[in-house]
Amino acid sequence: MSTSSPPKKIAVSVTGLEKSFGPTRALAGADLVVEAGEIVALMGANGAGKSTLVKILSGSISADAGTILLNGKQVSFASPAEAQAAGVATVHQATDQAGAAGLTVAENLTLNELCGTGSFFVSPRSTRKRAAQIAALIDLDLPLDRDFIDLRPAERQLIAIARAVASKASVLILDEPTSSLSSTEAERLFSVLRRLKASGIAILYISHRTGDLAAIADRAVVLRGGKVVASFAKPIDFSAAVAAMIGRTLDAALHDGMVSSAPILASVKRARLIPGSRPFDLDLRSGEVVAITGTLGSGKSRLLRALFGLEQLAEGSFTLDGKPWLSNGPARSIDNGVFMVAEDRWASSLLPPEIPGASIAGTIALPHLPRWFPLGLLRETRERLAASDAISRLGIKARGPDDTLDQLSGGNQQKVVLARWQAAPCRLLLLDEPFQGVDVGARADLIAAIRNSQSGSATLIATSDTEEALEVADRILVMRDHSLYEADGHHESLAAVIGSVESIETRAAGIQDKHHD
Amino acid sequence: MTDQATASSSKPASTFAETARKYALFVLLGLMLVGFWSAQPAFINSANLFSILQAVSVVAILGVGVSITMSAGGFDLSVGSVAASSVMAASYAMVVLQLNAFETLGLVLLMGAFIGLVNGLLIVRVGVPDLLATLSTMFLLAGLQLIPTGGRSITAGMMLPNGTTAAGAYDPAFLILGRGRLFDTVPYPVIVMGIVALLAWFLMERTRWGRVFYAIGGNETAAHLAGAPTKAYRLWAYVLSGTLASLGGLIVASRVGRGDVSAGNSLLLDAVAASLIGFAVLDKRRPHVLGTVLGAIFVGVLLNGLTMLNAPYYTQDFVKGVVLVGALALTFGLGKKKR
């Protein structure tokens, strides 16, 4: 598997790992080797066994069969603490678990020592001193007195990594580290990872984003059905990797940047999202899919929320179908055919499974109840019909309309949320990070569904992933500091758009950023 | 594809356990009935069974109100005080103000709705957390009901704080509500309980309004983003709960026939317990009307049977506590592995 370079030390090696949950075989004999100083990308669709493998390696669950060799010694971990002590550190996707709110950056950096191995007495000074040492390990530049709760996801992640490095980890596992990061923040993460790699740490990197993997990974390993089905050395052939991942080829057709001549459906005039930001205009034409990309906190969500009536513009106006449009809340927006799918589907759209109406049918029906059942009496056949239609149209993998959402994978959950808003006539569909935690196969289905429903309505998508934006949109705009910019010229390639995102500020120079590595 | 395979193959294994959990409370109720019957044959005659239902009717009606607020993500701690205040208000209306039965009914129900509205406004407009808002109205009412009579119970011919004697008396028509029986067998409180339960069940389980109440309780943000007027719904939940609590108070007043200051002392805890026991009924793991009524009946049957077997009255609260702990363990603890 390894190349012809001089033999390197194998940091972790997994052979014949098996794990079943009831009748489901999550891992069916997975083999994996990561050398010291190597970054291996672990790819796989939802349910391929990635998270099970990570959980076994990090000690959260134990394997049914198979061996794990760590630096040549056979190990099996009974708890996450044991795995950590043995030198396997894991940085999880959910960054709010990367530290404790209410504690400062310094206290969080030294949390492992505070919670166990350190001395009994701690003073703020000794904590700060130790924290500064730990921060220096990865060149972390954060105010040590800041509360963890005020940190952005990217910064929280770096704290988790610094802690892992400080605990002398030899294997670092990163689970979807960039899912909530903008491209600049991701770039910062990558430079930290490159340093760690140079210092001989083995890194297992799990991600759905091929762009990230191209930038950082030495090797990609594809997991499907609980087994490693393919391995790709650098330069990684991603179309082959994706094909191996979903078991079929995927034509991620980029849509041409032709300017639509359809009538303008909605427009934003001289809008300032926050006082003092640069005003901008935006026209959305009938049948158009427009993506807005940009860093976290640049104002993408704010624009969508303002259009939906959840927030107010500092200045400027909206029109919808030529008439002034100012919504005072979701109810009025929905009545007028302006729909929004907010980010984080469990927080914004879905109900816990014990609640009536948490089924696929109920989830789709929720916003449409007043129109579907004007007399108040529920008729389940009406809901089921809409749900069955959605299941077949979007290819939702479920037993039927009565399945609750927690039984579905992330991609299928997102399909249900999209189906909810496609179940009624729509003028303007606002999607905030619609591909969060969605695997490549389901993403293709979602994109097809978004693009096929475009008769007479406009779609505005906010995403921090430029690759997603390219795949789904007719037109891509970049948001920076609460203002919109057109992406430069025609986007012939992914790199060009990423480049234009990066170079907005230096546009005067007219030079496209070259992407290193 | 794997989802389907998992689901179908795991189904037979879990079916028995699932069914057992679903009907556990029904089976226990049946066993209890049979057990008490064999120990004390008088237990099963219809007069006794209806007296059980009559005894639980007030708790069940209050419990329905509590479970409606719980389903909308709230909690109404004031129901006991609202019922007690309603007893006093009904007595005051008839004995002091000399109103007739229908005027009294209307006035007291309006008062309950108004208290519910105050609760709701405190929560929705002022932003006080549900438990704290209803806790404070609970105290407020417990004190307020004593003020008009100077802390004394209200009976016909009582001495008023200003030295005069109260001129009115309980309207005989009013007493029918608590003491009368349909066809000389079914007590009216049981019929009221049945109607309340049926209407509330229909509202919560069969209409879109019920669906939205539950959606708000499950995920208020999601309900709001789906266009539901969440604040109005939460307000209505408290108005319904207050109205039902005052209806419960009216039944107590018409049964007792006087305005007793200590009426409704244990009503709050009993009503909350009935709603919580209801979580286990049909393994719903959420507040629901049918479960609440069944929870109230379950406790009523148990207490009645134990009393017939000469269990001392002071063990009653202990028995209720055991049932509640058992039901909650059944709901949340056992069989959690299945997920």
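## Ground rules

Numbering of residues starts from 1 along each chain as its sequence is written, while chains are lettered from A and ligands numbered from 1 in the order in which they are written. Since this is a predicted model, local features need pLDDT of at least 70 and side-chain atom pairs count only at pLDDT 80 or more, though totals for chains, interfaces and linings use all residues.

## Chain B overall

Chain B has 13 helices and 2 strands. Both kinds of element are DSSP runs numbered from the N terminus: H or I over at least four residues for helices, E over at least two for strands. The C-alpha trace spans about 80 × 55 × 35 Å along its principal axes. For 339 residues, a compact globule would have a radius of gyration near 20 Å, and the 22 Å of chain B agrees with that. (The radius is taken over C-alpha atoms, and the globule rule is 2.2 Å times the number of residues to the power 0.38.)

Of the 339 residues in chain B, 47% are buried. Buried means 20 or more other C-beta atoms within 10 Å of the residue's own, exposed means 12 or fewer, and partly exposed is in between, with C-beta atoms placed from the backbone. Among contacts in chain B with a separation of 6 or more, 75% join residues 24 or more positions apart. Two residues are in contact when their C-beta atoms, placed from the backbone, lie within 7 Å.

## A loop residue in chain B

B:Ala228 sits in the loop between α9 (220-225) and α10 (230-256) of chain B. This alanine counts as buried because 26 other C-beta atoms lie within 10 Å. Beyond its neighbours within four places in sequence, B:Ala228 contacts B:Val212, B:Ala215, B:Ile216, B:Ala223 and B:Tyr233.

## The nonpolar core

The largest nonpolar core has 243 residues, and A:Ala162, A:Tyr205 and B:Leu62 touch the most other members. Such a core is a set of buried Ala, Val, Leu, Ile, Met, Phe, Trp, Tyr and Cys residues joined through C-beta atoms within 7 Å. α10(B) gives the most to this core, with 13 residues. Leaving out residues up to four places away in sequence, B:Leu62 touches several residues, including B:Val79, B:Leu244 and B:Leu267.

## A helix and a strand in chain A

Helix α6 (residues 153-166) of chain A has 14 residues and reaches 20 Å from first C-alpha to last, close to the 20 Å expected at 1.5 Å a residue. That expected span is 1.5 Å times one less than the number of residues. In α6(A), 14 of its 14 residues are buried. Just after α6(A), A:Lys168 takes a positive phi of about 55°.

Strand β9 (residues 219-224) of chain A is mostly covered too, with 5 of its 6 residues buried. Strand β3 (residues 39-43) of chain A runs parallel to β9(A), joined by 4 bridges, and β10 (residues 227-233) of chain A pairs with β9(A) in the antiparallel sense over 6 bridges. Pairing takes at least two DSSP bridges. A:Val221 in β9(A) stands opposite A:Leu42 and also opposite A:Ser231 in β10(A). The hairpin of β9(A) and β10(A) has 2 residues between the strands, and A:Gly225 there takes a positive phi near 60°.

## Where the chains meet

The contact takes 31 residues from chain A and 30 residues from chain B. On the side of chain A that touches chain B, α11(A) gives the most, with 3 residues.
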